[in-house]
Structures are given as C-alpha cells and as structure tokens.
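Here is a short report on one protein model. It covers a surface patch, a sheet and a charged residue.

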Amino acid sequence: MDVTSSPPSAIPKTPSLTILHEKSVIRSAGKSAILSFLRSHKSLSVVRPSGKVVVFDSRISVQLAFYALVEHDMQCAPIWDADTREFKGLLTVTDFIEILRGYDTRGEPIAGLAGKRICDIVG
C-alpha cells in the first residue's frame, strides 16, 4: 500500500528521529550537569544553614502552610501525599497569591480558605 495515497488519519503520528535525538541529548546534558554539581559539592553545603527541611503534608490547611513558609523564611516547600507515599508537587509563595486572586475573582470570601486543605486546592 502506498503511504501517500492513504488518508492523513492513517499516517502514524510518531515523533521524528530528530526530536527523539534532541530529547535524548537534553536529558543526557541535564544528567551530566546534575552529576557534576553533586560531585563538586558536599551534601551539607546544599542544605540551608539552619538545617531545616520543611515538607507539607497534603492534608494540612492552606493557612497553616502559608504561616509555615513565612515562619521558616522559605519561598517554597514540597507537598507529600501520605496516602500514595509520593511527592505531589511544590507549594510556592506565588501559589498562595494565585489562590487568593482566584478567590477574589470568583467573589468567594477569603475566610472560607481557612478550612481548606492543600489537597483540596492543589489536587
């Protein structure tokens, strides 16, 4: 069967070899950069001077998470889902601003945010 005579929907949509090669090169360069960084630093040199590591459980309130970031002078912290036992993302100060803007845009009272958990908002 001649490929040129078949309808466009019958042509398989696979990434070109060039794109696959570019992704492979980028992935390899990224791994190389990370390895170089890890080889040139000791683990204690990349930990905050306070030694604090802050991780948010996805079930804590958004308000508590915000206060924790402010209290520990941090701009972000990872979100841990204890049910699935995996990290779900990163909660940043910008996320709090976006959450507040969303409440304002929808005309919802911000006081309602006090009872919301991270998993209710972030997903």
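I34 counts as exposed because its relative accessibility is 52%; exposed means over 50%, buried under 20%, and partly exposed in between, with a 1.4 Å probe and protein chains only. I34 sits in helix α1, residues 17–40. Together with F37 and L38, I34 makes a nonpolar surface patch of about 300 Å² accessible area. Residues in such a patch have over 30% relative accessible area and no salt bridge, and their nonpolar side chains are joined within 5 Å.

The model is predicted: local features need pLDDT of at least 70, side-chain atom pairs need pLDDT 80 or more, and totals for chains, interfaces and linings use all residues. Residues are numbered from 1 along each chain as its sequence is written, and side-chain values use heavy atoms, without hydrogens and water.

Three strands form an open sheet in the order β1-β2-β3, with mixed pairing. β1 and β3 are at the edges, each with a single partner strand, so one side of each has no neighbour in the sheet. Strands are DSSP runs of E with at least two residues, and two strands pair if DSSP finds at least two bridges between them.

| Strand | Residues |
|---|---|
| β1 | 56–57 |
| β2 | 76–81 |
| β3 | 86–92 |

β2 and β3 run antiparallel and are joined by six bridges. In one of them, C76 partners T92 of β3.

D81 belongs to β2. D81 is buried but has no salt bridge, a side-chain nitrogen of Lys or Arg within 4 Å of a carboxyl oxygen of Asp or Glu. K88, the nearest side chain of opposite charge, is 4.2 Å away. A polar atom of the D81 side chain lies 2.9 Å from the backbone nitrogen of D83.

Terms used: Patches are made of residues with over 30% relative accessible area and no salt bridge: like charges are joined within 9 Å, nonpolar side chains (Val, Leu, Ile, Met, Phe, Trp, Tyr) within 5 Å. Accessible areas come from the Shrake-Rupley method with a 1.4 Å probe; for residues, only the protein chains shown count as cover. Helices (H or I, at least four residues) and strands (E, at least two) are DSSP runs, numbered from the N terminus. Lys and Arg count as positive and Asp and Glu as negative; His and the chain ends are not counted. A polar contact is a pair of N or O atoms within 3.5 Å; within protein, one must be able to donate a hydrogen and the other to accept it, and residues adjacent in sequence count only if both atoms are side-chain atoms.
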